[in-house]
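Work through the exercises below with the sequence and the model in view, and try each task before you read its solution.

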Amino acid sequence: MVDAADKLAYFQAITGLEDPDLCTEILAAHGWDLELAISTFTSGNSSTARPDTSAASPADDDDIDASSSVVRVDSLQSMPQSEPSPPGLAWKLIKLPVSVISGSLGLISGAIGLGLWAAGGVLSYSLGMIGLGSGSPRNDQSSARLLPLSAAASEAMDFVAGFEREYGATRPNFASEGFMDALQRSRNAFKLLFVYLHSPEHPDTPLFCERTLCSEALVAFVNENFVSWGGSIRNSEGFKMSNSLKASRFPFCAVVMAATNQRIALLQQVEGPKSPEEMLTILQRVLEESAPVLIAGRHEAEERQNNIRLREEQDAAYRAALEADQARERQRREEQERLEREAAEAEKLRKEEEEAQERAAREAAEKQAALAKLRQQKAQSLGEEPEKGPNVTRVLIRFPNGERKERRFHSNMTIQSLYDYVDSLGCLEVDDYSLVSNFPRVVYGQEKLTLSLEEAGLHPQGSLFVELSS
């Protein structure tokens, strides 16, 4: 619940009145209904501004033949005078019908940054939070069932086509879309919305359209500085907008801009026939008084876009740096994995080599042991060397390295005994050799291993040499 101090502060901001006692009296007279007090203040001042009317009551709002809802503080004759600086535009907040609001793309519910609407100053977007949602009974009756978007656009296109057929191509560029879409377009373009409500049966309508609304000077000015929307009061949306804007006389024109909380701000309304010069004067003044707000809104949007672009650039730079860091980290990790893999492979090869060496050494040792055992067995099989005697043969064996070995054998021992003797000595590194005599040359090979020394002609003595197989 908003307290009296907040309502008083917002009433002063909207009306431009600086005397708190005067504002308190006005609010108290209207039961502290802020919207009703503002509406009475603006419409009451419009009526007292006419030279042929001395006073007006809130009940006469619909019958006011006002050329403008712009009010100066010094025209409030029914109230004590204070010395505030006069506001630029006097505001009237209009609650739109549900059918008009819902028939668009959600302008009001999605509005951002339209809180800076002001009467000679700044009106915060938090207006919607101070109790302006109560609305008057007159506005509630216009909340009819929603028109589909296609129907609103179809009405707008039919109106534009009919207006052009009737009055020619030199006309304001009325938007061929529903009111809320046109309001959205004006907000996006940071322009005011020029509204024309067309009453085909009114006797002043043809002359106003031909001489004023379609005059080249006015058309050029409106098309350059405003977004335009027109509607016939015969159609659903045009009729509902005429109720919302409380159009009492025709031709009817208005200048509005988007506010918050499902409202528009009525900046100017022009009722009754006007000349092109009068219309140009009124619209020029509205444009000049609204310029600071529109410029501020444009600058705010540009700053917001610049901030978004800067954030996007920073995000892009961050992502690029992050990707570069990730790439470097990936390369470092891949290099580390490669080195670890190579080290693991080298370690595996080293172990395999060590195992091969150990296996070779073990096999060599086993072979040496086997050879030693074999030599020992062969040496044992020869028995003790016999003493000299008639049945003893002396054999001299020469080795390839020049070494000589001599031993006595029983003459009945076989050639195999000579091979066993050579093997038992361990003087040869090979197993494939032959015992050969020179004169005559005789090779004692496999076929002669079973011959006795005497049978082989080596008794009582023999000389042999070791011949390695090639």
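In the lining of the second largest cavity, strand S3 gives the most, with four residues. This is a predicted model, in which local features need pLDDT of at least 70 and side-chain atom pairs count only at pLDDT 80 or more, while totals for chains, interfaces and linings use all residues. Residues are numbered from 1 along each chain as its sequence is written, and side-chain values use heavy atoms, with hydrogens and water left out.

**Exercise 1.** Describe the second largest cavity by its volume, its lining and the elements that supply the lining.

*Solution.* Begin with the term: on a 1 Å grid over the protein atoms alone, a cavity is a set of points where a 1.4 Å probe fits but cannot get out, a pocket is an open set with protein on both sides within 12 Å along at least five of seven lines, and lining residues have an atom within 4 Å of a point. The second largest cavity holds about 50 Å³ of space, where a volume is the space filled by probe spheres set on the points, which are joined across faces, edges and corners. Its lining includes Ala152, Trp229, Asn235 and Glu237. Next, look for the elements, bearing in mind that helices (H or I, at least four residues) and strands (E, at least two) are DSSP runs numbered from the N terminus. Helix H6, strand S3 (226-232) and helix H10 each supply at least two lining residues. Finally, sort the lining by class: three residues are nonpolar, five polar and two charged, where Ala, Val, Leu, Ile, Met, Phe, Trp, Tyr, Cys and Pro count as nonpolar, Asp, Glu, Lys and Arg as charged, and the others, Gly among them, as polar.

**Exercise 2.** Decide whether arginine 171 is buried or exposed, and find its surroundings.

*Solution.* First locate arginine 171, which lies in the loop between helix H6 (149-167) and helix H7 (179-189). With a relative accessible area of 12%, arginine 171 is buried, because buried means under 20%, exposed over 50% and partly exposed in between (1.4 Å probe, protein chains only). Then list the contacts (heavy atoms within 4.5 Å): leaving aside residues up to four places away in sequence, arginine 171 touches Val160, Phe163, Glu164, Cys214, Val219 and Asn223. With glutamate 164 there is also a side-chain polar contact of 3.0 Å.

Terms used
Polar contact = N/O pair within 3.5 Å; in protein donor to acceptor, adjacent residues only side chain to side chain.
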